[in-house]
Amino acid sequence: MGRLATSAVNPRFWCLLRPATERERNRDMSMENPPAKEVESLSLTARDGLNPSNSTTEMSVEEKYRIVRSIGEECIQEEELLNLLTKKPQPICYDGFEPSGRMHIAQGVMKTINVNKLTSAGCKVKIWIADWFAQLNNKMGGDLNKIQTVGHYLIEIWKAAGMNLEDGKVEFIWSSEEINSRAYEYWPIVMDIARRNKLPRIMRCCQIMGRSEQDELTAAQIFYPCMQCADIFFLKADICQLGMDQRKVNVLAREYCDDIKRKNKPIILSHHMLPGLLQGQEKMSKSDSSSAIFMEDEEAEVNLKIKKAYCPPNIVDGNPCLEYIKYIVFPWFNEFKVERKEENGGEKVYTSYEELIAAYEKGELHPADLKPALSKSLNRILQPVRDHFKNDEKAKALLKRVKAFKVTR
């Protein structure tokens with residue numbers, strides 16, 4: 001298979017890049033045989049997916065790069081991403097999730113936005129339904145049947161939310177089925193990753209499971225990072241497109257490439273993590289219903305949660321309402337519309353986030369006007385999902401079962 005040459009970048013693209021750190025530069029090392037062919041290289045052919053649409057093939061490399069790069073709060077490394085998009089017609093992007101309860105808006109809407117951006121730029125997205133991983137992490141009390149029910153419910157949400165599932169550009173893959181069917185390929189990679197890493201290095205990846213190094217972990221939870229690292233190679237992923245909370249295991253995958261003397265590493269494209277709605281909540285929590293908007297929340301529930309949300313006047317940093325607007329509303333509508341009485345400034349349409357925060361910091365936009373506008377925008381996005389779960393009998397039954405499950409940590 002072809003190999004991506006990260007040193008030969010067209011000079012006209014350098015304006016798009018930041019310099020790579022010394023640690024991330026590819027080293028001049030000879031190749032050695034890895035435990036399975038899946039870790040030999042990230043193929044530069046499009047054999048794993050359908051050819052991009054005509055609109056995508058007409059898109060310039062610069063356009064593809066800007067779209068894909070816009071997804072990530074961090075990219076390791078930008079030079080490698082540009083080379084990949086230049087060389088490979090349909091890169092493989094990997095994202096994964098534990099089916100662990102109801103879906104909040106970050107997982108539902110932000111993932112839909114990101115996946116649609118990737119497919120529009122010619123990528124194929126493999127969404128790894130990590131049912132075995134949820135069982136290892138004791139989600140749903142370790143009940144695999146419940147976990148798989150939640151997985152089907154999440155897929156229904158993405159369909160209703162508008163994820164582009166046409167032309168085979170998005171593939172949902174159940175980890176239990178795929179690992180069982182190709183066990184002879186999967187487990188040698190897992191074992192080799194485990195063999196090459198000390199326990200403290202694996203422990204540093206505990207954040208990926210919502211754990212910390214201080215938590216009392218089961219043996220299953222210690223094994224989990226080795227498996228997630230192996231997923232990247234098993235799925236032949238060119239790009240790891242997960243949240244910033246998954247960064248450490250993705251870096252482990254790049255370090256593993258150093259260990260096996262492989263120059264062509266998976267690119268890490270880590271998206272922003274939306275905070276909880278209440279003050280001091282760095283991340284949404286499924287166990288705290290007040291900290292997040294859920295995808296099938298009724299209009300009144302959304303209105304109440306946003307009304308109670310932390311939104312200090314004139315302050316941008318640490319303001320969850322502004323983050324919702326930046327990462328959900330603007331990408332969805334390309335604008336933010338505020339309706340208010342004439343004496344309070346009248347109707348105003350903000351066409352950029354920078355314009356919005358400038359007005360907010362000056363006090364020209366008050367939380368009392370921002371919050372109703374945010375609620376209205378979110379409810380417009382969520383209404384098709386509500387309709388689907390009310391009108392589709394299969395979806396309605398799934399939601400009823402999921403709501404009855406007890407969420408376990």
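Mentor: Let us begin with burial. In this predicted model, strand E6 (residues 267-270) is covered on both faces. Strands (E, at least two residues) and helices (H or I, at least four) are DSSP runs, numbered from the N terminus.

Trainee: Which residues of E6 are buried on each side?

Mentor: Ile267 and Leu269 are buried on one side, Ile268 and Ser270 on the other. Buried means under 20% relative accessible area, with a 1.4 Å probe and protein chains only.

Trainee: How do strands pair in general?

Mentor: Strands of a sheet pair through backbone hydrogen bonds, in either the parallel or the antiparallel sense. Here two strands count as paired if DSSP finds at least two bridges between them. Strand E1 (residues 74-76) runs antiparallel to E6, joined by three bridges; Ile76 is partnered with Ile268. Strand E5 (residues 239-240) is parallel to E6, with two bridges: Ile239 partners Ile267, and Cys240 partners Ile268.

Trainee: Through which helix does the chain cross from E5 to E6?

Mentor: The chain passes through helix H11 (residues 247-259), a right-handed β-α-β crossover. Right-handed means that, with the strands pointing away from the viewer, the path from the first strand over the helix to the second runs clockwise.

Trainee: In what order do the six strands lie in the sheet?

Mentor: The open sheet has the order E1-E6-E5-E2-E3-E4, with mixed pairing. E1 and strand E4 (170-174) are the edge strands, each pairing on one side only.

Mentor: A note on conventions: residues are numbered from 1 along each chain as its sequence is written, and side-chain values use heavy atoms, leaving out hydrogens and water. Local features need pLDDT of at least 70, side-chain atom pairs count only at pLDDT 80 or more, and totals for chains, interfaces and linings use all residues.

Key:
Buried < 20%, exposed > 50% of the residue type's maximum accessible area, 1.4 Å probe, protein only.
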